[in-house]
Amino acid sequence: SEYLTFRKEYTDVLDSHTELANYVRLGGFPAVHLQKYTPDEVYTIVKDIYNSTIFTDIVRRNQIRKIDQLERIVKFAFDNVGRTFSAASISKYLKSENRSIDNETVYNYLSKLESAYILYRCSRFDVQGKEILKTQEKFYLADPALRYSVLGYSPDSVAAMLENVIYLELQRRGYDVFVGKMDSAEIDFIAVRQENKLYIQVAQEIGLPETEKREYGRLLDIRDNYPKYVLRTDVFAGGNYEGIKTMHIADFLLSNEY
C-alpha cells in the first residue's frame, strides 16, 4: 500500500495485480520510481545502494578484510531466498570452490547483514512440538531489487520473491513470522501477533491437481481454528477450499482483514 501511494505521486498507477508484478521485478526503493526507468537502470541504482550499504555499514564499520568472502556469502543467501539453509551448507558450498570458512564466521557475516537490514532471518517452528527450531532457517531480503541488482533477473526466482514480499508485509504488520514444520512437510508461514495466528501457503500458480492437493492439504492437516490462507497470482475459481481462504497475493497485501 505504501508503494502504491508513493507511485501515485509520480505516475499513473495500473491495477494492483500488474503493480505487484512491477514491484517484484523493480522493488520498492523510492529512488527508482521517481521517473520511468528501464529495469537495467533500476538495478544500476539499487546496486549503488547495495554497495554503499555493504562497504559503509558492514565492511568499514566491522573492519572486514575478506570482502570477497563476504560477497560470496551474500550471493549464496540472495540465491537461496525461500529455501532453508544453514551456516554449514554455506561453508560446504565455499569449500567446493576451494575457499575454507568455518560455520561461526558464516553466522557472523549473516548477523552483520541482518544488522544492516539487508537480510531478515526467519526461524522454523515445529507445529506439533510447539517449539522454535534452531537449525535450517530461511533468510529474506529487504527489497526484491537487491537480488536482481546482484544476481541479475530470472523469471524462475519470482515465486521465491513473492514469498519474500509476503514475509515483509507480515513483519510490517507486527507479526512474529516463522516457517512451519509439520512432519516432513513445510508450511510457508506461521504468523503470530498476540492472540492472533495465521497459516499461509504462497504459490505463484497452481496448475496441477496434485499441486493443489499439496498446497491445501498441508493446511488441512493443521487441526485448529486459526485462519488459513493460500495466496497465489494465477486465476482461480472460488475463494474458499474446505475453510481455507484463497486470495490473490496483491489482494492479501492490500487487505485489512488480518
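This is a predicted model: local features need pLDDT of at least 70, side-chain atom pairs count only at pLDDT 80 or more; totals for chains, interfaces and linings use all residues.
Residues are numbered from 1 along each chain as its sequence is written, and side-chain values use heavy atoms, with hydrogens and water left out.

**View 1**
Helices (H or I, at least four residues) and strands (E, at least two) are DSSP runs, numbered from the N terminus. Strand β3 covers residues 176-182, and five of its seven residues are buried, where buried means under 20% relative accessible area, exposed means over 50%, and partly exposed lies in between (1.4 Å probe, protein chains only). Two strands pair if DSSP finds at least two bridges between them. With strand β1 (residues 119-126), β3 pairs in the parallel sense over three bridges, and Lys 181 in β3 is the bridge partner of Asp 126. With strand β4 (residues 185-193), β3 pairs in the antiparallel sense over six bridges, and here Asp 176 stands opposite Val 192 of β4. The hairpin of β3 and β4 has two residues between the strands, and in this hairpin Asp 183 takes a positive phi near 55°.

In helix α5 (residues 87-96), the buried residues are Ala 87, Ile 90, Ser 91 and Leu 94. The buried residues of α5 pack against α4 (67-79) and α6 (103-115), where contact means heavy atoms within 4.5 Å. After α5 comes Asn 98, whose phi is positive, near 60°.

**View 1. Helices α7 and α8 in contact.**
Helix α7 (residues 144-151) and helix α8 (residues 158-172) pack at an angle of about 145°, and their axes are 10 Å apart. The axes are lines fitted to C-alpha atoms, for helices over the stretch in contact, and angles run from 0 to 180 degrees between N-to-C directions. From α7, Pro 144, Arg 147 and Tyr 148 meet Val 158, Ala 160, Met 161 and Val 165 of α8. The residues of this contact divide into six nonpolar, no polar and one charged, given that Ala, Val, Leu, Ile, Met, Phe, Trp, Tyr, Cys and Pro count as nonpolar, Asp, Glu, Lys and Arg as charged, and the others, Gly among them, as polar.

**View 2. The surroundings of Ile 118.**
Ile 118 lies in the loop between α6 and β1, and with a relative accessible area of 4% this residue is buried. Leaving aside neighbours within four places in sequence, Ile 118 is in contact with several residues, among them Thr 53, Ile 54, Phe 78, Leu 141 and Leu 146. Ile 118 and Asp 143 are 25 residues apart in sequence, and their C-alpha atoms are 8.0 Å apart in space.

**View 3. Salt bridges.**
A salt bridge is a side-chain nitrogen of Lys or Arg within 4 Å of a carboxyl oxygen of Asp or Glu, and a search of the whole structure finds 14 of them. Asp 57 forms one with Arg 61, the closest N and O atoms being 3.9 Å apart; the two residues are four apart in helix α3, and are therefore separated by about one helical turn. Another joins the side chains of Glu 186 and Lys 138 (2.7 Å, N to O). Because Glu 186 lies in strand β4 and Lys 138 in strand β2 (residues 131-141), this pair ties together parts that are 48 residues apart in sequence. Glu 186 is partly exposed at 24% relative accessible area, whereas Lys 138 is buried at 1%.

**View 4. Loop residues with a positive phi.**
Most residues other than glycine have a negative phi. Gln 63, in the loop between α3 (39-62) and α4, has a positive phi near 50°, and is exposed at 64% relative accessibility. Gln 194 has a positive phi near 55°, and is exposed with a relative accessible area of 74%.
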